[in-house]
Amino acid sequence: MRRAPVLELALAVAGGRAGWAAEPLPKKLEGVTVEEHLGRRIDLAIPFVDQSGKRVFLRDLFGDGRPVLLTLNYYRCKMLCNLQLNALTDALRNLRWTPGREFRVVTVSIDHRETPPLAAGKRQAHLAVLGRGEVDWRFLTGTEASIRRLAHEVGFGFKYDKDIDQYAHPAVIQFLSPQGKLTRYIYGIEYQPRDLKFALMEASDGK
């Protein structure tokens, strides 16, 4: 198992770039890790709801020849998720490829209480910054069971802290082939367009 940093805001600001956790995680954060499942073909029968309120299955987002860049976040998060999604949006803005042409982006909320209108608002904010008009970046919500199933498939560990009503989770993006096979993980809150392009090219070939 490769352990990714939890990256609460203090760690993100102090470290700047994500690093590997050298010490054991505090007990309350045990399990907030990434276990890479490279080469695994994920279950594409998991249902979600997109930002328009339409029910979709993961299989609806695969199989058309485009690789998929997947992130797991939640839309009410004011710390790590904002840092990660803002960094991803900046990298995509500087990437010549466009979601919907060469690849697809899918963001899934890990908070089962979140709704399509919330997802739609988050999507619009990031598309406005991206500046490419209407592109194929889906923002999904789902039941707790669907979220847990997908997280298990990709090896994404997270925990809910009811005392502060927030989720602890790693900062990572996953790349999947057009058939749903995991091909690469990239960690942290800084992304280079070149790295995204190479990872997408690998994913296209299923490598």
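This is a predicted model: local features need pLDDT of at least 70, side-chain atom pairs count only at pLDDT 80 or more; totals for chains, interfaces and linings use all residues.

Q: What is the order of the strands in the open sheet, and which strands are at the edges?

A: Strands of a sheet pair through backbone hydrogen bonds, either parallel or antiparallel. Here, 5 strands form an open sheet in the order 5-4-3-8-9, and the pairing is mixed. Strand 5 (137-140) and strand 9 (182-187) are the edge strands, each pairing on one side only. From one strand to the next, the twist averages 20°.

Q: How many bridges join strand 8 to strand 3, and how many join strand 8 to strand 9?

A: Strand 3 (residues 68-73) and strand 8 (residues 172-176) run antiparallel and are joined by 4 bridges. Within this pair, V68 stands opposite L176, and T71 stands opposite I173. Strand 8 and strand 9 also run antiparallel, with 5 bridges between them; there Q174 has Y185 as its bridge partner. The hairpin of these two strands has 5 residues between them, and in it G180 adopts a positive phi near 90°.

Q: Which residues of strand 8 point one way, and which the other way?

A: In a regular strand the side chains alternate between the two faces of the sheet. In strand 8, V172, Q174 and L176 point one way, while I173 and F175 point the other way. Both sets are buried, and strand 8 is accordingly described as mostly covered, with 5 of its 5 residues buried.

Q: Which strands does helix 2 lie across?

A: Helix 2 (residues 80-93) lies across strand 3, strand 4 (104-109), strand 5 and strand 8. Relative to strand 3, helix 2 runs at about 160°.

Q: Which residues of helix 3 are buried, and which are exposed on the other side?

A: An α-helix has 3.6 residues a turn, so residues three or four places apart point the same way. The buried residues of helix 3 are A119, K122, R123, H126, L127 and L130. Viewed down the axis of helix 3, these residues fall within an arc of 135°, so they line one face of the helix. Helix 2 and strand 5 are among the elements that cover them. P117 and A128, on the other side of helix 3, are exposed.

Q: What distance does helix 3 reach from its first C-alpha to its last, and which residue follows the helix?

A: Helix 3 (residues 116-130) has 15 residues and reaches 20 Å between those atoms, close to the 21 Å expected at 1.5 Å a residue. G131 follows helix 3 and has a positive phi, near 75°.

How values were computed: Residues are numbered from 1 along each chain as its sequence is written. Side-chain values use heavy atoms; hydrogens and water are left out. Two strands pair if DSSP finds at least two bridges between them. Axes are lines fitted to C-alpha atoms, for helices over the stretch in contact, and angles run from 0 to 180 degrees between N-to-C directions. Contact means heavy atoms within 4.5 Å. The expected span of a helix is 1.5 Å times one less than its number of residues. Buried means under 20% relative accessible area, exposed over 50%, partly exposed in between (1.4 Å probe, protein chains only). The arc is that of the directions from the helix axis to the C-beta atoms.
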